[in-house]
Amino acid sequence: MFFPISNSHISPIYLAVSGFVIGILGGFFGVGGSFIAGPALRAVGLDWNFAIGTDLAHIVGKSVVAAKRHRALGNVDLRLGFIMAFGTMGGAEVGAQLIQMLKRAGNVNLVVSIVSIAIYVSISSFMIWEAWRTLQFQKKRRPRTKVPGTTAKEDESSFSHRTRAIQRFHLWPMISLPTSGVTAISLWVIVLVSFIGGLFSGFLGGGAGYIRMPMLVYVLGIPTHLAVGTDLFEIIISASYGTFSHATKGNVDILIALVMNTGAAIGAQIGAISTQYFAGPKIRLAFVPLPLIGAAIVIYTLMTGHKL
Amino acid sequence: MKAEASGTLRAFLLELAVYAVFVTGYFFLVLHFLSGWLQDLHLHHVKTYALVAIVLIIGQAVVLESVTTWLFRLLRGGRSE
């Protein structure tokens, strides 16, 4: 199929299947999936600028489908999502400015690569440690018995004592997040978390769900299922902003994004529904390979000089 | 349990087949007619193109979500998950 905007020939089946795989991951983990979508578009010869912009547009569509499904399952905290969207957009702008500064200094590739590897590996190491500890703790406490009335959504974390300390930090204005079960938390903590997520999104590219989803769980104390759904809702707003920005620079082939989204629509629903069958620590444990795949891609690029 | 799993798999494959027919029709009818107009917008009215791009991707996602949910319900006798 010919796509005149980017002047490229790509099989629609390839695009729909790529979208399907990314949709499953996005619906289950609440990530944009740019670490797969970008290389998948590059592999069929799309220029980098189109790969990045088109990927963002596809993320918007896939997140709408997954967030709608999560909302139907009661996994979206709208108040938290709207607040986070502002912080994310501010952070993304600062991240993009940092990239421009590094470009002028002439060492953007090395600095971004090292920072991203360190962050990806740290997130994975921390999450594997925490999720494993929580699962061991649950096993010891409830050996081979299931407490009647408990569901997969009821979440706990071995890091929760630190989370509670963060929630006790009183800096006006304090707000409540009844959907997420948070009675009071400083607005500035939420803004800071979303700003950091946006900063990494602008600095490293993509939606940065690999850093925002863990921060929602460990810093704000949002249950994992709600963190996944709310992150997807927040990605709709921030990725729409990014899509508009890239489209005005001529970096979006919306036809490619629309075709990818046909596969993502069904994949995202499967991913979202699947979260209902797994407890929070198991979702977090399954999340661990995602940042490591990102790190492997960056290491490959550093060693070979070829961008995937 | 095994019968239930094979039933779910059969329903899922049927959903995929019906969905693939919809999507193929969509590729040839809608996207084919849109491509010329979108290319023109991309070249000459870039801000309008950016707005149209967001409206299209969100609109398509909402429609596809409704179609897939309807298919899930239709082929599984009222159950959507």
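1. Which side chains meet in a salt bridge? They are those of B:Glu65 and A:Lys68, with 3.0 Å from N to O. The count between chain A and chain B is one salt bridge. Keep in mind that this is a predicted model.

2. Polar contacts also cross the interface. Between chain A and chain B there are eight residue pairs in polar contact, with both residues at pLDDT 80 or more. On chain A, the elements that give two or more residues to the side touching chain B are helices H1 (12-29), H3 (48-72), H9 (224-248) and H10 (254-274). Of these, H10(A) gives the most, with 12 residues.

3. What kinds of residue make up the side of chain A that touches chain B? They divide into 24 nonpolar, eight polar and three charged.

4. Now the extent of the contact. Chain A contributes 35 residues and chain B contributes 32 residues. The two chains bury about 3,000 Å² between them. Carbon and sulfur atoms account for 77% of that area. Three residues stand out on chain A: A:Leu258, A:Thr262 and A:Ile266. Together they supply 19% of the area that chain A buries against chain B, more than any other three residues.

5. How confident is the predictor in chain A? The mean pLDDT of chain A is 84. In this chain, 94% of residues reach 70 or more. Confidence is lowest in helix H2 (residues 34-43) of chain A, where the mean is 79. It is highest in strand E3 (residues 174-177) of chain A, at 92.

6. One stretch calls for a separate remark. Over residues 144-150 of chain A, pLDDT stays under 50. For these residues, the model has two contacts beyond four places in sequence.

7. Finally, a single residue. A:Val111 lies in helix H5 (residues 108-141) of chain A. Is A:Val111 buried, partly exposed or exposed? A:Val111 counts as partly exposed because its relative accessibility is 28%, and that class runs between the 20% and 50% cut-offs. Setting aside residues up to four places away in sequence, A:Val111 touches A:Leu102 and A:Phe203. A:Asn49 is 62 residues from A:Val111 along the chain, and the C-alpha atoms of the two are separated by 20 Å.

How values were computed. Residues are numbered from 1 along each chain as its sequence is written. Chains are lettered from A and ligands numbered from 1 in the order in which they are written. Side-chain values use heavy atoms; hydrogens and water are left out. Contact means heavy atoms within 4.5 Å. Buried area is the accessible area (1.4 Å probe) that two parts lose on being put together, summed over both. A salt bridge is a side-chain nitrogen of Lys or Arg within 4 Å of a carboxyl oxygen of Asp or Glu. A polar contact is a pair of N or O atoms within 3.5 Å; within protein, one must be able to donate a hydrogen and the other to accept it, and residues adjacent in sequence count only if both atoms are side-chain atoms. Helices (H or I, at least four residues) and strands (E, at least two) are DSSP runs, numbered from the N terminus. Ala, Val, Leu, Ile, Met, Phe, Trp, Tyr, Cys and Pro count as nonpolar, Asp, Glu, Lys and Arg as charged, and the others, Gly among them, as polar. pLDDT is the predictor's confidence in each residue, from 0 to 100. Buried means under 20% relative accessible area, exposed over 50%, partly exposed in between (1.4 Å probe, protein chains only).
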